[in-house]
Amino acid sequence: MTTQEIIEVIKGLSVLELNDLVKACEEEFGVSAAAGVVVAAGAAAGAAEEKTEFDVELTSFGEKKMDVIKLAKNELGLGLKDAKAKVEAAPTIIKEAAAKDEAEALKAKFEEVGATITLK
């Protein structure tokens, strides 16, 4: 498929389909669309070396802010005021240099309550 053919297919997608495509590309290649990273470059870098530590970024708290604040309080060991401030500062790093398993577990827990998490 040529680049032009890919662009034509993308033009035909609905907003929801395009959003799903972007999320799938972000997960597949470990990049963020907001970062302006070329997807192919992300794939090449990921193939060369697998990361073992990740920064866990709260990209969005979603519609259940209070649930996300409670989870941040419990999972990050913060007081209520600090957890609220951290969540409302999204996008923000909530855990730096987390081991892969820990980062993935945090991501799953936060996504379960409606937050959007990006591993960097």
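**Group meeting: a core and a helix pair**

Thr92 is buried, with a relative accessible area of 18%. The cut-off for buried is under 20%, so Thr92 qualifies. Keep in mind that this is a predicted model.

Where does Thr92 sit? It is found in strand 2, residues 92–99. Now its neighbours. Leaving aside residues up to four places away in sequence, Thr92 touches Val56, Glu57, Leu58 and Lys86.

Take Leu58 from that list.

The largest nonpolar core has 17 residues. Which of them have the most contacts inside it? Val56, Leu58, Phe110 and Ile117. Strand 1 (53–60), helix 4, helix 5, strand 2, helix 6 (100–112) and strand 3 (116–119) each supply at least two residues. Helix 4 gives the largest share, four residues.

Next, helix 4 and its partner. Helix 4 covers residues 65–76, and helix 5 covers residues 80–88. Their axes come within 8 Å and cross at roughly 125°. That angle makes helix 4 oblique to helix 5. The crossing is right-handed.

Who makes the contact? On helix 4, Lys65, Val68, Ile69, Ala72 and Lys73. On helix 5, Leu80, Ala83, Lys84, Val87 and Glu88. By class, the contact of helix 4 with helix 5 has six nonpolar residues, four charged and no polar ones.

Note on methods
Residues numbered from 1 in each chain as written. Predicted model: local features only at pLDDT ≥ 70, side-chain atom pairs only at ≥ 80, totals over all residues. Heavy atoms only, no water. Axes fitted to C-alpha atoms, helices over the stretch in contact; angles between N-to-C directions. Parallel < 35°, antiparallel > 145°, perpendicular 65-115°, else oblique. Left-handed = near helix turned anticlockwise from the far one by under 90°. Contact = heavy atoms within 4.5 Å. Nonpolar A, V, L, I, M, F, W, Y, C, P; charged D, E, K, R; others polar. Buried < 20%, exposed > 50% of the residue type's maximum accessible area, 1.4 Å probe, protein only. Core = buried A, V, L, I, M, F, W, Y, C linked by side-chain atoms within 4.5 Å.
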